[in-house]
Structures are given as C-alpha cells and as structure tokens.
Amino acid sequence: MPEQQLPEEHLRQVRELGKADIVVGIPSYNNVRTIGHVVRAAQAGLAKYFPQFTSLIVNSDGGSQDGTREAVLSSKVEDAHLLMLDTPKFPVHRLSLPYHGIPGKGSAFRLIFRLAEMVGAKAAAVVDSDLRSITPEWIDLLLRPVVYADYDFVAPYYHRHKYDGTITNSIVYPMTRSLYGYRVRQPIGGDFGMSRRLIARYLQRDDWETDVARYGIDIWMTTIALAEGYRVCQSFLGAKLHDAKDPGADLSAMLHQVVGSVFTLMQEYEAVWKTRSGSEPVDLFGFRFDVGLDPIDVNLGRMLQAFAKGCKDLAEIWSLALAPDVLDAVLRLGRQAAAGESGFHLPDELWARIICDFAIAHRDKPPERGHLLRSLTPLYLCRVASFVIETQNLFSAQVEEKIENLCLCFEALKPYLAGRWGAYPGPKRQPEVQTAPAGAEPSKVEVPKS
Amino acid sequence: MIAMLQQVLERAYEHLLFTLTTYLPPLLTAATILVITYLIALLARWVLVRIFKGISVDRFLYQSGISSMFDRSGRLRATHIVSNGVYWIIIGIGALTALSAFNTELTSRMVETAVFLFPKLVTAGLIVLAGVWLAQYLGRGVLVWGCNEGVPSVRTIAALVRAVVVFVAVVVAADHLNFARSVFLAAFVLLVGGAVLAASIAVGFGARGAVARHLEGKRESQPPEAEHERSLWNHL
C-alpha cells in the first residue's frame with residue numbers, strides 16, 4: 001500500500017513506532033461510553049497472551065465529538081496483578097487516528113489494515129468499540145489461530161439473544177453458507193482475526209469506495225476469505241453484549257449496505273459458488289459455555305404494520321424482482337397481516353425464494369438496485385415478525401434448529417438460484433477471482449457439536 | 001341541341017383527360033413509391049431483426065428499466081423497437097417522397113415542414129422518453145422511502161412526483177418543437193419548481209443521517225420507551 005496515501009501526521013506517528021507483530025484495530029464513532037473497556041481488554045489480552053510480540057492498538061475514529069479518542073489514549077490496565085499478567089517483554093503501543101473518506105466502519109478498517117501492513121504485522125484483529133462483554137481472552141481467541149495455527153481468517157462465534165442479529169440469522173448466514181459452502185455462523189459479527197496475506201489481499205482490492213466502506217465491510221471480508229480459499233476458522237467468544245448499532249442509522253440503509261454487498265459479491269464470485277453445493281462445518285476453537293443474555297424487546301405489531309403497508313405500496317417494485325407466484329404469496333400474507341389474523345407465518349421456502357429473486361434482480365437491474373434493496377425492508381420485517389411469533393416460547397437451542405432448517409432451505413434452493421442466474425440472456429462478466437497463496441488450504445476440519 | 005350536348009360532353013371529356021394526364025402519372029408514381037418503400041421497409045425490418053438479435057441493447061434496456069417502463073414484465077426487446085422504428089421511418093420517407101411526386105405547392109410545403117420537423121420530433125421524443133424514465137425512477141424512490149418511513153398516502157405523493165416530472169418533460173419537448181411557445185414561461189417556472197422539489201428530496205435524503213444524529217442527542221435523555229425501541233434494531 002503506498003505510504004503517500006496516508007496523511008503525513010499518521011505516517012510520522014507510525015514511523016516513530018517502527019515495527020509491530022500484532023495489531024488490534026478498533027473502529028469508533030462517539031463510543032466514549034464503551035471504548036475504554038474495549039481498549040483495556042485488548043491491552044490486557046495482548047500483554048497476557050502475546051507478551052513476546054510487539055503489538056499495537058489502533059483506534060480508527062470517524063470524527064467523534066465525545067472524547068472517544070482521548071479515552072483510547074488515556075485508558076490503561078490498572079489492576080494488572082488481578083489479571084495475573086506477566087510483565088510483557090514489549091510494551092503495547094496505542095494510536096488513535098481519524099480516518100478519511102466515506103464515513104463508515106469499512107473506511108475505519110481500511111486505515112487499520114494500512115497501518116497493519118506498514119508496521120509489518122503478521123496478524124491483526126478488529127473488535128467493535130461498543131462491546132460490553134469483551135474480555136482479554138477474545139484477543140487470544142481471535143489471534144492465536146492466525147499466529148500459531150496458520151489460519152488466515154478467524155470469524156467470531158457468540159451466544160446471542162434469539163432476536164439479536166436478525167439480518168445475520170435471516171439473510172447473511174443462510175446465504176453465505178449456501179453460496180460458499182462453509183458454515184461460518186457469524187459472518188458479520190464484527191470481531192475478526194486476520195493474517196498478513198489476507199490483509200494484503202483486502203488492500204489490493206479496488207471496491208473500498210462502495211458499500212464496503214460502511215456496513216458492507218464485514219460480509220465483504222468473510223466472503224473474500226471463503227471464496228478465495230483462505231484458511232478460515234471460528235472462535236467461540238462467549239456472549240456478545242453491545243450497545244445498539246448506530247441507532248441513528250436507519251434499517252433500510254443498513255439492509256442496503258449489507259445485503260447489497262452480499263449480492264454484489266455473488267456476481268463477482270459466480271464461478272465459485274456455482275460449483276459448490278451443500279455446506280461443511282468450519283473449525284471452531286474455544287471452550288463453549290452457556291451465558292445469560294440481555295433481553296431484547298421487539299414491537300411485533302409495528303413490524304406487521306410495516307409489512308402490511310409495504311404490501312399496499314411496494315407491490316409495483318417487488319414485481320420487478322419477485323416471480324409472480326412468490327409475489328402472490330407475499331401479498332396474501334400482507335392481507336393477513338393487515339387483517340390482524342392469528343397464525344401469521346412466513347414459510348422458510350418462501351423467504352428463501354424472496355431472497356434468491358432479489359439477488360437475481362439485483363444483478364439484472366443495476367439502476368433499480370437502490371430501490372430494490374430498500375424495498376426489502378418490509379419483507380425483512382415480515383420475516384422477523386414471523387420468526388418472533390414462531391420462536392417466542394423456544395429456547396436458544398431450539399431457535400438454532402429453526403435457523404438450521406432455514407439454512408437447509410437456502411441450500412435446497414440453490415439449484416433454482418443457479419438456474420435462474422444462468423438463464424439470463426446476454427454476455428456475462430468475467431469473475432475477478434484471486435486464489436489464496438500456495439499452502440493456504442480451506443479448512444475442512446470437523447466442528448465440535450454444540 | 002345536339003351540338004350543345006356534344007359540346008358539354010367534349011368539355012367533360014377534356015376535363016377528364018386533363019385530370020387524368022395531370023394527376024394519374026404522379027398518382028401512379030406515388031403508389032409505386034409507396035409499394036416499393038413498403039417492400040424496402042419490410043426487408044429492412046427483416047434484416048434488422050436478424051442483426052439485432054442477441055445484441056447487448058436488449059440487456060441495456062432490461063437493466064436500465066426502460067423496458068419495464070413500457071412493459072411491466074420487462075421483456076420488451078430492443079430488436080423489436082429498432083426494427084419497427086426503422087420500418088416506420090422508411091414508410092414515412094416513402095410517404096413524403098410519394099407526396100412530393102405531385103409537385104404542388106401544398107405537397108411541397110407539407111414535405112418541407114416534415115423534413116424540417118423530423119430532427120426536432122426525434123429530439124422531443126427523446127426528451128419525453130427521458131422524462132418518463134426519470135419520473136418513474138424518482139416516483140419509485142419516493143415510494144420506497146415513504147413506505148419505509150411510514151409516510152401516509154405515499155402512493156399519491158409518488159404519483160404526483162411522476163406527474164410533475166412527466167409534465168415538465170412534455171413542456172420542454174413542446175417548447176423544443178416551437179409548439180405553444182407561450183407556455184415557455186410556465187414551463188420555466190415548472191422547471192424551477194421541479195428543481196426545487198428534486199433538491200428538497202435530495203437534501204431530505206442526504207440530511208436524514210444528520211437529523212437522526214441530532215435527534216439522537218435528544219432521545220438519549222428520553223425515558224425507557226425510546227430505549228426499548230433501540231433494542232429492536234440489533235439486526236447485524
């Protein structure tokens with residue numbers, strides 16, 4: 001990565017630091033409430049588990065006004081003796097820098113990756129700044145597979161409330177799993193570990209100025225790692241407790257960025273996903289245990305109302321994407337939601353068809369992409385409402401079974417997706433796929449049963 | 001009496017002869033021209049259908065949403081548009097050539113006007129087409145945004161946006177044709193109005209984040225209900 005792309009001030013600070021073996025990146029925007037805890041956990045984790053390495057904590061900030069950057073630089077591990085930390089051979093350095101460009105998590109990660117490359121880091125981890133449940137062990141679990149076991153990408157594996165992460169559970173996990181054939185349970189978890197070669201690959205890419213600059217970054221990183229054959233594993237991190245994701249950001253924008261990234265990457269990796277069927281487990285490290293989780297209140301009535309309104313207003317736009325039989329079924333559900341009838345239920349097969357049809361329309365109608373992705377919001381709320389009704393009396397293991405069934409539906413529908421995708425008239429774009437460097441094998445080890 | 005009758009008949013015969021000798025040749029010429037151009041048009045359409053089959057214009061129309069503007073199923077093919085367009089252009093040229101065969105002042109003026117207007121007609125058609133496309137695009141944008149934000153009567157608002165944009169396009173096209181020049185001022189006012197509307201929508205979209213962040217400050221100090229709403233949005 002050319003050094004001159006970074007501001008002189010950043011370069012000066014990095015040059016002063018010299019080299020670092022490990023980098024932990026923390027993107028932030030007005031997270032003064034929680035970032036101190038995250039920095040302390042990262043610092044303790046590096047000192048405790050990687051004392052023999054030089055390390056650097058980088059805060060990539062999006063222009064916080066609440067003293068986030070000061071909190072990063074001033075926080076320190078005060079009770080080192082309670083953590084039973086050895087005196088590290090090398091100090092843990094800290095940097096807090098503002099990133100430039102499109103405001104968003106992806107742009108923050110870009111700066112972190114550039115700095116990691118500049119200091120010659122052999123491994124890097126990124127963790128969210130709004131985490132309340134992070135412990136020093138997270139740093140170990142995210143970095144150890146890279147540092148000691150030659151993995152390229154470590155995805156998180158958490159216990160989450162059944163209503164937490166509904167975009168993950170309803171769309172991103174089933175889609176990623178059915179497309180690329182690997183069961184990475186939290187593909188957009190936000191906390192990842194990466195090898196030097198994977199970071200180099202990320203920086204090589206030229207799509208940073210897209211939705212990748214925002215919420216699309218997580219699925220982008222995971223998909224590249226899976227589709228290009230890098231060694232991928234998961235680490236069990238316990239519970240994920242965090243502040244709500246940017247409450248100011250609206251749901252349709254979030255869906256647009258995340259789902260849009262999934263669909264865009266589908267086009268690029270068409271040659272990869274079309275050849276894969278079914279799915280296989282991915283290595284899972286870490287000792288698994290049950291944890292208590294924050295309750296999540298959902299407003300079911302409001303979701304159904306939003307869906308009914310969508311059926312009334314957006315049928316014209318949905319008809320651009322959905323097959324006629326799917327649209328009919330959706331509109332029937334809309335009438336049911338509007339009438340407040342009991343037994344509201346969106347079948348898994350129908351939901352999977354909806355997503356597949358939208359993926360195809362996203363490929364076929366570039367000028368309508370924005371409208372299509374944003375029009376997905378009421379349908380997504382329909383899915384969430386149906387899921388909430390279905391699982392309100394279920395325990396997390398039973399809920400996980402439901403999600404597994406949904407994934408199997410997506411996998412079963414893959415021939416339909418591939419068939420409709422292939423039936424498109426006209427020349428196809430050549431995929432720009434770069435395979436992983438020699439010696440990097442995709443992981444195929446059995447996952448421990450939960 | 002007989003001589004008078006003969007005179008009348010002779011005059012009628014002369015008139016008929018004059019009419020036939022004056023108008024029949026150009027009429028026959030015009031008919032021949034029309035038949036030939038019809039055959040050429042048919043041939044051109046046949047050739048174009050074969051040439052354009054599989055060309056990426058179909059893909060462009062499908063992806064740009066232009067095809068769904070005219071055909072809900074979005075399956076309208078460029079091949080048909082282009083071949084039929086060329087067919088009708090040739091028929092039009094044939095008709096004008098046939099008219100000019102009469103070589104009268106009226107037909108000359110008609111041909112002249114048609115030739116003079118043709119490029120303008122094409123431009124005006126393109127203006128209207130672009131307007132319809134833009135109207136549909138903006139209308140859909142408003143529809144999706146309004147629906148997600150829970151705006152009431154959003155379909156009416158979207159239809160209004162569409163109507164305004166199409167109306168502006170029609171006024172611009174009419175002005176380009178020098179048709180109803182007097183409405184130019186009105187068109188200008190409408191254009192400015194449309195621009196203000198578009199700017200308002202753009203600012204609305206662009207400033208949503210800022211407004212939300214501004215409101216966020218207020219929400220933080222609000223009671224548990226707001227906190228409950230927040231927890232709904234742990235989607236990622």
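The largest nonpolar core holds 128 residues, and F113(A), Y202(A), M221(A) and I354(A) touch the most other members. Helix α14 (residues 348-364) of chain A supplies the largest share of this core, ten residues. A nonpolar core is a set of buried Ala, Val, Leu, Ile, Met, Phe, Trp, Tyr and Cys residues joined through side-chain atoms within 4.5 Å. Buried means under 20% relative accessible area, exposed means over 50%, and partly exposed lies in between (1.4 Å probe, protein chains only).

This is a predicted model, in which local features need pLDDT of at least 70 and side-chain atom pairs count only at pLDDT 80 or more, while totals for chains, interfaces and linings use all residues. Residues are numbered from 1 along each chain as its sequence is written, chains are lettered from A and ligands numbered from 1 in the order in which they are written, and side-chain values use heavy atoms, with hydrogens and water left out.

**The cores**

- In soluble globular proteins, nonpolar side chains tend to be buried together.
- F113(A) is in contact with V126(A), M194(A), I199(A), Y202(A), L203(A), W208(A) and M221(A), leaving aside its neighbours within four places in sequence. Contact means heavy atoms within 4.5 Å.
- A second, separate core has 33 residues. Among them are Y49(A), W138(A), I139(A) and L142(A).

**The two chains**

- Chain A has 18 helices and eight strands. Helices (H or I, at least four residues) and strands (E, at least two) are DSSP runs, numbered from the N terminus.
- Chain A has 450 residues, and buried residues make up 62% of them.
- Take the contacts in chain A between residues at least 6 apart in sequence: 84% of these join residues at least 24 apart.
- Chain B has eight helices and zero strands. From the N terminus on, its elements run α-α-α-α-α-α-α-α.
- Chain B has 236 residues, of which 27% count as buried.
- Of the contacts in chain B with a separation of 6 or more, 62% are between residues 24 or more positions apart.

**Helix against helix, within chain A**

- Two packed helices are described by the angle between their axes and the distance between the axes. Axes are lines fitted to C-alpha atoms, for helices over the stretch in contact, and angles run from 0 to 180 degrees between N-to-C directions.
- Helix α8 (residues 217-227) and helix α9 (residues 251-268) of chain A pack at an angle of about 25°, with their axes 8 Å apart. That makes α8(A) roughly parallel to α9(A). Angles under 35 degrees count as roughly parallel, over 145 as roughly antiparallel, 65 to 115 as roughly perpendicular and the rest as oblique.
- From α8(A), the residues I219(A), W220(A) and T223(A) meet V258(A), S261(A), V262(A) and L265(A) in α9(A).
- The residues of this contact divide into five nonpolar, two polar and no charged. Here Ala, Val, Leu, Ile, Met, Phe, Trp, Tyr, Cys and Pro count as nonpolar, Asp, Glu, Lys and Arg as charged, and the others, Gly among them, as polar.

**Helix against helix, between chains**

- Helix α11 (residues 300-313) of chain A and helix α5 (residues 105-148) of chain B have axes that come within 9 Å and cross at roughly 160°. α11(A) and α5(B) are therefore roughly antiparallel to each other.
- K309(A), G310(A) and D313(A) of α11(A) make the contact with L143(B), G146(B) and C147(B) of α5(B). The residues of this contact divide into two nonpolar, two polar and two charged.

**Two buried residues**

- F236(A) is found in strand β7 (residues 232-239) of chain A. Its relative accessible area is 2%, so F236(A) is buried.
- F236(A) and H159(A) are 77 residues apart along the chain, and their C-alpha atoms are separated by 8.5 Å.
- Not counting residues up to four places away in sequence, F236(A) touches residues including L141(A), Y157(A), H159(A), F285(A) and R288(A).
- T79(B) is in helix α4 (residues 78-100) of chain B. T79(B) counts as buried because its relative accessibility is 5%.
- T79(B) and F52(B) are 27 residues apart along the chain, with 5.3 Å between their C-alpha atoms.

**Two loop residues with positive phi**

- D150(A) lies in the loop between α5 (136-149) and β5 (153-159) of chain A. Its phi is near 60°, a positive value in a residue other than glycine. D150(A) is partly exposed, at 43% relative accessible area.
- N103(B) lies in the loop between α4 and α5 of chain B. Its phi is near 55°, a positive value in a residue other than glycine. N103(B) is exposed, at 63% relative accessible area.
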